[in-house]
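Come along and see what I looked up.

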Amino acid sequence: EGRDAVYLLRNGYTVLATDISPTVIEHCKGWFPEFATSFRVLDCLSQQLPNTFDFIYAISVLHMLVLDADRKRFYEFLLKHLKKDGIALICTIGDGNEEWHSNIETAFELQKRTHEATGEQLLIAGTSCRKVGFDTLNKELADNSLELLESGITSIMPDFPTIMFAVVKWRSPS
């Protein structure tokens, strides 16, 4: 919903906030018209930007990527867009141990859900998701030329009561 980007923008930082969903970007531009030019649609698996960044904050991206090839393209995007001394913060669903993934063949089929506030039965489109533990995440990072600086478990309430984080940078050649 743009809350992290807007916090930084209001505190004087230059931010480019991206999402693959045009609907989300249009909502952010409507909610925060004074920062509309800071929001852009971007598919980090198939698009590139002309610039590099000191800091990339990737929340709720990695766990949406089920296939190994897509996860590799995400890491390649980070490498292409991080300055040599830049860092990235990756936040992904998980408890550090559990590993599972959804079936991407049925990911967007309608599913019955119960609305928490009203108890009403709804049909909503499903999504894809992949949780990995720290062992898998650390291997992925190393295999993709990223050095792990720090990792752990935190929460982003109310949406993510348990979320893994990893702070990474370019891996220096040994």
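I began with tyrosine 57, which is partly exposed because its relative accessibility is 32%, and partly exposed covers the range between under 20% for buried and over 50% for exposed. A note to keep in mind is that this is a predicted model.

Next I asked where tyrosine 57 lies. I found tyrosine 57 in strand E3, residues 53-59. Tyr57 also belongs to a nonpolar surface patch with Phe55, Ile87 and Leu149. Together, I noted, these four have about 330 Å² of accessible area.

Then I followed the chain to serine 60, in the loop between E3 and helix H3 (68-81). Its phi is near 60°, a positive value in a residue other than glycine. I marked this down because most residues other than glycine have a negative phi. Serine 60 is partly exposed, with a relative accessible area of 26%.

I looked up serine 145 too, and its phi is also near 60°. Serine 145 sits in the loop between helix H4 (134-143) and E9, and at 30% relative accessible area it is partly exposed.

Which peptide bond is cis? I found that it joins methionine 157 and proline 158, with omega about 5°. Proline 158 is in the loop between strand E9 (146-156) and strand E10 (160-170).

Last, I turned to the second largest pocket, whose volume is about 210 Å³. Its lining includes Trp100, Arg113 and Cys129. By class, I wrote down four nonpolar, five polar and one charged residues. Strands E6 (110-114) and E7 (121-125) each supply at least two residues of that lining.

Definitions and conventions
Residues numbered from 1 in each chain as written. Predicted model: local features only at pLDDT ≥ 70, side-chain atom pairs only at ≥ 80, totals over all residues. Heavy atoms only, no water. Patch = residues over 30% accessible without salt bridge, like charges linked within 9 Å, V, L, I, M, F, W, Y side chains within 5 Å. Areas by Shrake-Rupley, 256 points an atom, 1.4 Å probe, with all protein chains shown as cover. Salt bridge = Lys/Arg side-chain N within 4 Å of Asp/Glu carboxyl O. Helix = DSSP H or I, 4+ residues; strand = E, 2+ residues; numbered from the N terminus. Buried < 20%, exposed > 50% of the residue type's maximum accessible area, 1.4 Å probe, protein only. 1 Å grid on protein atoms, 1.4 Å probe; cavity = no way out; pocket = protein on both sides within 12 Å on 5 of 7 lines; lining within 4 Å. Points joined across faces, edges and corners; volume = space filled by probe spheres on them. Nonpolar A, V, L, I, M, F, W, Y, C, P; charged D, E, K, R; others polar.
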